[in-house]
Amino acid sequence: MEEYFVQREVFDEVRLDEVAQRDISSTGPTVGEKIKEFTRCSVPRLKQILQRWIPVLDWLPKYSIRENAIGDLVSGCSVAIMHLPQGMAYALLASLRPVYGLYTSLFPVLVYFIFGTSRHISIGTFAVISIMVGSVTERLGPDSDFPLDQSNNTGGVDVDARDAFRVTIACSLTLLVGIFQILLGVVRFGFVVNYLSEPLVRGYTTASACHVFVSQLKYIFGVSPSRYNGPLSLIYTVVDICSLLPQTKIPELVVSLVALVVLVVVKEVNGCYAKKLPLPIPIELIVVIVATIVTHFAGLTALYHIDVVGEIPSGLKAPRAPDVGLFSQVIGDAFAVAIVGYAINISLGKTFALKHGYKVDSNQELVALGLSNSIGACFQCYSVTSSLSRSLVQESTGGKTQVAGFISSILVLIIVLKIGALFEDLPKAVLSTIVFVNLKGMFKQFTDVPQLWRSNKVDLLVWLITFVSTILLNLDLGLAVSIMFSILTVIFRTQLPRYSVLGQVPGTDLYLETETYKQAKEIPGIKIFRSSATIYYTNAEMYLDALEEKSGIEIGKLLMKKQKEGAKLKRQQEKEKKKAKKDAKKQKRHANYQATGSFTLTESQSKVPTGLNGHSHGNGAPSLMAETNGKVNWAYQHDAATLDTESDTDTRQIEDEVSADEEQKTHSIILDLSTTSFVDTVTVKTLKNIFRDFGEIDVDIYLAGCQACVIEQFEKANFFTSSIPKKRLFVTVHDAVLHIQRTIYLPGRKIRAAATTLVTPQTGLDGTKAAGQEKDEVESEVKLGMHPINIVG
């Protein structure tokens, strides 16, 4: 059993400032100094600014070809192989042609290579962001707005015009997303993602996976359900697809099932033999190539009318500015996409950074992602974020730096320029199965429910509310509802903290909750009160109510009782004052009457009566024991000795009873503020009221455990006054207890209390005597100053 022994004086805040030499000067630079430093221009500062905003200038000159080149090359090729099928498949989720998914896998990746700080994440298309973009493009560009022939009313859809307008919508949305992210990054607002808790993000992505799953069912079964937007759109879509199941195209269903089985089996093999395989089998690319070849040479499109990707133009299109006139219609969706995309990106980035021991700048990540979206929007790309599946491949195949992303983008560029046209006969059903298989990781998040049930019910509620609201209200409204609910849980947790009374563990300076620890005993006459949360305006009133409840002191009733007693005493004093005036008047009249000599006393009348013991009573006044008809009134006769003895005995007994009651009565309350991280004006007023109200009923209040920042806030708010001196603030609860035990006096005698019990190797925690030794108790008469505190570890 390890022990340590500390001997020091009892510290209140004033004495601590003297001993520790608190620095009250300003610790940070002034505003003028900050402005001067910001405007200072020099070559080193310019270099520092450029490296901060353009990280590639910092890490690329230090790049080690010998250590990193091979790993980055292999990793880049592997990720490029995944970009091809995923880019084409996720473009369908955004209700765009597959070629735009390839564009999105090219330009934003190059931008992130220059501005990003994470070495392992793979930027590009992602299912959740794609479905969010698709909900906007379908809402603003529905099929009904593009009839094929309005004059003949044939009921067809002008697909080319519709797709072109949807690209315009997607580019405008992406540009606005990028602007939001850049602005948030420039103002150092990267911490905003901290308000998206992990249960919220996982619940949201799980619900988004359900939206993705439902959106791809039409390609699997070859049906054409109606398009729905707004709340309950997912439910309506599922009902519509179920009603169209009798119209399922069997050839497309067969192609989907075959591709699905192959993908699932090979991915399981990749998972089981991940450590033995040098590279995971690129089954997605293999399925895409095989399906394209079979469909083209077997003529499945002509025979069975299988829906294929269609024309994929070779080459790149010239950049053009997005339509800013659509900003007003997509501003809410853009902010939601910006926040969700950044949350996914930074969570993956920090995960890999923690694993490999480097730092990711959250604000620079916002800027990098914003520039990737803004610049990409000019090249007809839609919103991007990092993909978990591609990032895992990039890391597991040996990727070391952002060069892996650069290599993958070069390969995608080659595909777009030369190879893209070869995939025109690729069935859309195969792309849908690729999407399905990649949703496996998101659907595994359903296992969060039993885990959260066992660990944290509040987080479980956040997960469920996020999931249900996103399923029922769609992606944008679902995110808003889930964020508001998550913030409400934080408010409720701080508004409903745990209030507890602390007791001392015998022989130590530990003060623990009496309801939780059996050995924690309350100190007679002292209540130690603590809240588990910071005291501020939302819970200050509850703090006061809990203090009254835990201490057993009802301030309102006691103050009212004291006021009544005061009023009663005042009435008695006024009554006695009036009586005294009346008696004074009588005595004055009697004195005047005697002075005039209006009457004389006879000799018999002037005799002073005597008692039974022969002594005279009073100073000539008539005795209360006067004779009545010549007889003595024995009702007024007592044995004086007996009377005095009985009176003294009763008085001592009453005093002892009063002292015993007073010793158990709460005379001091210690407020443990160690959990308080800040105070506002409401907190200051509440504490002042506590000092005032409890002081009026003769209960002393002490503070303990305040952090330095809280003390500074108290001083700025003029909390410490003559009625609340700074000497009422102690470093620890134990300091406050020792001070109270040495300075508080009860009527008639001092408090006899062990200030602390010295625990030695021969003394137990309960302070019991060891063999041949006495327990050392320190009385309250001990001189205030150096005091030993021995704590057993």
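F492 lies in helix α22; helices here are DSSP runs of H or I with at least four residues, strands are runs of E with at least two, and both are numbered from the N terminus. The model is predicted, so local features need pLDDT of at least 70 and side-chain atom pairs pLDDT 80 or more, while totals for chains, interfaces and linings use all residues. Residues are numbered from 1 along each chain as its sequence is written, and side-chain values use heavy atoms, without hydrogens and water.

**Nonpolar patch**
- F492 counts as partly exposed because its relative accessibility is 46% (buried is under 20%, exposed over 50%, partly exposed in between; 1.4 Å probe, protein chains only).
- V186, V187, F189, F191, Y195, I487, L488, I491, F492 and L496 form a nonpolar surface patch with about 930 Å² of accessible area together.
- Patch residues have over 30% relative accessible area and no salt bridge, with nonpolar side chains joined within 5 Å and like charges within 9 Å.
- A salt bridge is a side-chain nitrogen of Lys or Arg within 4 Å of a carboxyl oxygen of Asp or Glu.
- Helix α22 (residues 457–495) contributes the most to the nonpolar patch, four residues.

**Positive patch**
- K577, K578, K581, K582, K585, K586 and R589 make up a positive surface patch.
- K578 belongs to helix α24 (residues 555–595), and its 63% relative accessibility is why K578 counts as exposed.

**Sheet**
- An open sheet of six strands has the order β5-β4-β6-β7-β8-β9, with mixed pairing.
- Its edge strands, β5 (511–513) and β9 (729–730), each pair on one side only.
- Strands β4 (residues 499–504) and β5 run antiparallel and are joined by three bridges; pairing requires at least two DSSP bridges.
- L502 is opposite E513 in β5.

Note on methods:
Areas by Shrake-Rupley, 256 points an atom, 1.4 Å probe, with all protein chains shown as cover. Lys, Arg positive; Asp, Glu negative; His and termini not counted. Charge placed at Lys NZ, Arg CZ, Asp CG, Glu CD.
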